[in-house]
Amino acid sequence: MANCNRISDLFSEYVENDLSRDDAAKVQAHLAACPSCKERVDQLTALRQRLTGMHQIKTTDDFDLVLRARIQMSKKIGRPTLLPQFFYNRPPLFSYAMATAAVLLLVFAGSMMLSPQGDTSRNSANPSPYTFSKSQLTFPFDRVRPAAGGLKRPASSDTAKDFTQPAKTSVVELAGADSTAEQDARRQRARRAMKKYVIPVSF
Amino acid sequence: MAGEKEIEGAIPTDEDLIERFQNGDLYAFDLIVKRYKDQLLNFVYRFLNNQEQAEDIVQETFLRVYRNRHAYRRVAKFSTWIYTIAGNLARTELRKRKRRRLFSLSDIGIENKDYEISSDDFNPEAHVDTLLHDKVIQREINRLSPKFREVIILRDIQNLSYEEIATILRVPIGTVKSRVNRARLRLQERLKKLL
């Protein structure tokens, strides 16, 4: 009924006893004649009671502590500290994935730092650690030559002996002491061999 | 200075407390937190339906009160000021959530579906479990649009006056009243079996 719809605009205030006398009388007259609206108003009353009586939750015990920490933190960084919402409502496996990724990253970073390839001279030549010249990204073939043993695998019989001699076990060492034809040939061989493994970098 | 206006034994008003805090009394801030934390938590929690997020937002609200304490002027009620901050943060959160909808499994949409199926065979004669009913009501509140949701929470759960709600939401009282009415009718329609 169109009349029901119009009068229902007043129901809420009627339930709260917030209507003028005239309007309240209008609603009462309608309710007396319309059982469905009467039921509706009764339900609205019940709904209001239910909503008012809904259980109240309490803040967790560490609320004040965390708040204090956040205030301290915001003093330091000078801005609010609301966590990005990315951290909430994530799928259950997400945190495990993130943890695994973090551990892998740490292991990777650690191994990079511990590896003996860290070349400090590079930094002095190039003040920014993020810019490299092309020559620094390609293998410096002209500066290295194979060690005395070359790239050939030592014969199985003297493997043990070879490993006890550090000079022979290193694959490359800085050139410059002497450059005979034999060493040039060796360098060529080494270059060919290394090409298999070194991916050329170009920009 | 601090506490000057206080009569011995009288409970300081919110406005007194924030004034004391503005004058450097940190204990007054603690009292404000104590007074409002649960109230605001319930407001934001009903709005977002996520306690962890709600707590985060309430903390952020207090943090903003702390940082912007001098922005408060006594002409306004302190309660409406702090509710406005919390409400704005909660609404921002809701918008962010909408954008993230694709990634979130526990989003409202899924829960709605879940409820709609079970509501058909809901038996009002069954053992009355208030908490369960609260949950059902909460879900229905969350199905309302944010505009309706905030007025129904502020009016019926938090028992704020229409004037206060109008100030918090910065809309005319008439608008608040009509929103409350429509929100109630919608909830009544959907919760018929429970009422």
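Reader: How many residues does α6(B) have, and how far does α6(B) reach from its first C-alpha to its last?

Author: This is a predicted model. In it, α6(B) has 14 residues and reaches 20 Å between its first and last C-alpha. That is close to the 20 Å expected at 1.5 Å a residue.

Reader: Which residues of α6(B) are buried?

Author: Burial is read from neighbour counts: a residue is buried if 20 or more other C-beta atoms lie within 10 Å of its own. In α6(B), I137(B), E140(B) and I141(B) are buried. They lie on the same side of α6(B), because they cover an arc of only 105° around the axis. The face turned away from that buried side carries the exposed residues L131(B) and L132(B).

Reader: What do the buried residues of α6(B) pack against?

Author: They pack against α2, α7 and α9 of chain B, and also against α4 (35–52) of chain A.

Reader: How many residues does each chain bring to the contact?

Author: Chain B gives 41 residues and chain A gives 36. Several helices of chain B supply at least two residues each, among them α6 (130–143) and α7 (146–157). The largest share of this side of chain B, 12 residues, is from α3(B). By class, the side of chain B that touches chain A has 17 charged, 15 nonpolar and 9 polar residues.

Reader: Which residues of α8(B) are buried, and what do they pack against?

Author: I165(B), T167(B), I168(B) and L169(B) are the buried residues of α8(B), which covers residues 162–169. They pack against α4, α7 and α9 of chain B. Just after α8(B), R170(B) takes a positive phi of about 55°.

Technical notes: Residues numbered from 1 in each chain as written. Chains lettered and ligands numbered in written order. Predicted model: local features only at pLDDT ≥ 70, side-chain atom pairs only at ≥ 80, totals over all residues. Contact = placed C-beta atoms within 7 Å. Helix = DSSP H or I, 4+ residues; strand = E, 2+ residues; numbered from the N terminus. Nonpolar A, V, L, I, M, F, W, Y, C, P; charged D, E, K, R; others polar. Expected span 1.5 Å × (residues − 1). Buried ≥ 20, exposed ≤ 12 C-beta atoms within 10 Å, placed from the backbone. Arc of directions from axis to C-beta.
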